[in-house]
Amino acid sequence: MIRIIGKIPHNLTVACSGGIDSMVVVHFLLQGRKKVNLAYFNHDTRHSHKAQEFVENYADMNKLNLFIGRVKGRKGKRSLEEFWRDERYDFLQRIGSDYTITCHHLDDCVETWLMSSFHGQGKLIPFQRNSNIFRPFLMTSKKSIKDYAIKKQIEWSEDPSNQKTNFMRNHVRHNVMPQVLKVNPGIRNTIRKKLIETYL
């Protein structure tokens, strides 16, 4: 079941990586007769170029406006994950859309809660970032997204780097979460309740 926080306006932009999460969100919004623009950020990796072509083809087939951004800054002392995140959000801020959606979901929230808890204080992913970036799908589980994709026969571009556990989030997702679920199988419901208390 796709669950949303707040009311999504008619005109909006979706940060679309071509992955399953964003392709499901775009399909869901188009089914709801929303006026959807797409924003794709190219991380300058081998997969990013392939995914850009996938998103470009999807935008052409569905007659959707598409904004494309690329890495411009220097990594410096930041981790690669942090550098890419900063560059991506800078791009999303610059395109000038009044309402841009990033497709974070409930499982992302659980992972963020765990990672921040390891450093002393559990934190939720904010519903809103700056004045124009929103995350209305935080209540929707990854399983619901996968089920929707199967039911609606949605195509997406799978990023092989999602399996690389040298990235901290992937390590938590693939190695830590299975152990957490043994201790607390209801962790998703726990975090969902926190989301309801905070954002609804």
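Which helix supplies the largest share of the lining of the second largest pocket? That share, five residues, comes from H2.

## Basis of the model

The model is predicted: local features need pLDDT of at least 70, side-chain atom pairs count only at pLDDT 80 or more, and totals for chains, interfaces and linings use all residues. Residues are numbered from 1 along each chain as its sequence is written, and side-chain values use heavy atoms, with hydrogens and water left out.

## Second largest pocket

A pocket is defined on a 1 Å grid over the protein atoms alone, as an open set of points where a 1.4 Å probe fits, with protein on both sides within 12 Å along at least five of seven lines; lining residues have an atom within 4 Å of a point. The volume of the second largest pocket is about 190 Å³, taken as the space filled by probe spheres set on the points, which are joined across faces, edges and corners.

Its lining consists of Met23, His27, Phe54, Asn57, Tyr58, Met61, Asn62, Gln153, Ile154 and Glu155. At least two lining residues each come from H1 and from helix H2 (46-62). Helices (H or I, at least four residues) and strands (E, at least two) are DSSP runs, numbered from the N terminus. One of the lining residues, Gln153, stands just after H5 and takes a positive phi of about 55°.

## Helix H5

Ser144, Ile145, Tyr148 and Ala149 are the buried residues of H5. Buried means under 20% relative accessible area, exposed over 50%, and partly exposed in between (1.4 Å probe, protein chains only). Seen down the axis of H5, these buried residues fall within an arc of 135°, so they line one face of the helix; the arc is that of the directions from the helix axis to the C-beta atoms.

The buried residues of H5 pack against H1, where contact means heavy atoms within 4.5 Å. Lys143, Ile150 and Lys151 are exposed on the other side of H5.

## Aromatic pairs

A pair of aromatic rings is described by the distance of the centres and the angle of the planes. Rings of Phe, Tyr and Trp (its six-membered ring) pair if their centres lie within 6.5 Å; planes under 30 degrees apart count as stacked, over 60 as edge-to-face and the rest as tilted. This rule gives seven aromatic pairs. One of them, Phe28 with Phe137, is edge-to-face, at 5.9 Å centre to centre and 85° between the planes. Phe28 lies in helix H1 (residues 20-31) and Phe137 in the loop between strand S6 (133-134) and helix H5 (142-152), so the pair ties together parts that are 109 residues apart in sequence. Phe28 is partly exposed at 26% relative accessible area, whereas Phe137 is buried at 3%.

Phe127 and Tyr199 have ring centres 6.2 Å apart and planes at 45°, so this pair is tilted. Because Phe127 lies in the loop between helix H4 (106-117) and strand S5 (128-129) and Tyr199 in helix H7 (residues 187-199), the pair ties together parts that are 72 residues apart in sequence. Phe127 is buried at 18% relative accessibility, and Tyr199 is partly exposed at 24%. Tyr99, Phe127, Phe134 and Tyr199 form one aromatic cluster.

## Charges over Tyr89

The charged end of Arg129 sits over the ring of Tyr89, 3.8 Å from its centre. Arg88 lies over the face of Tyr89, at 6.0 Å from the ring centre. A charge sits over a ring if NZ of Lys or CZ of Arg is within 6 Å of the ring centre and within 35 degrees of the ring normal.
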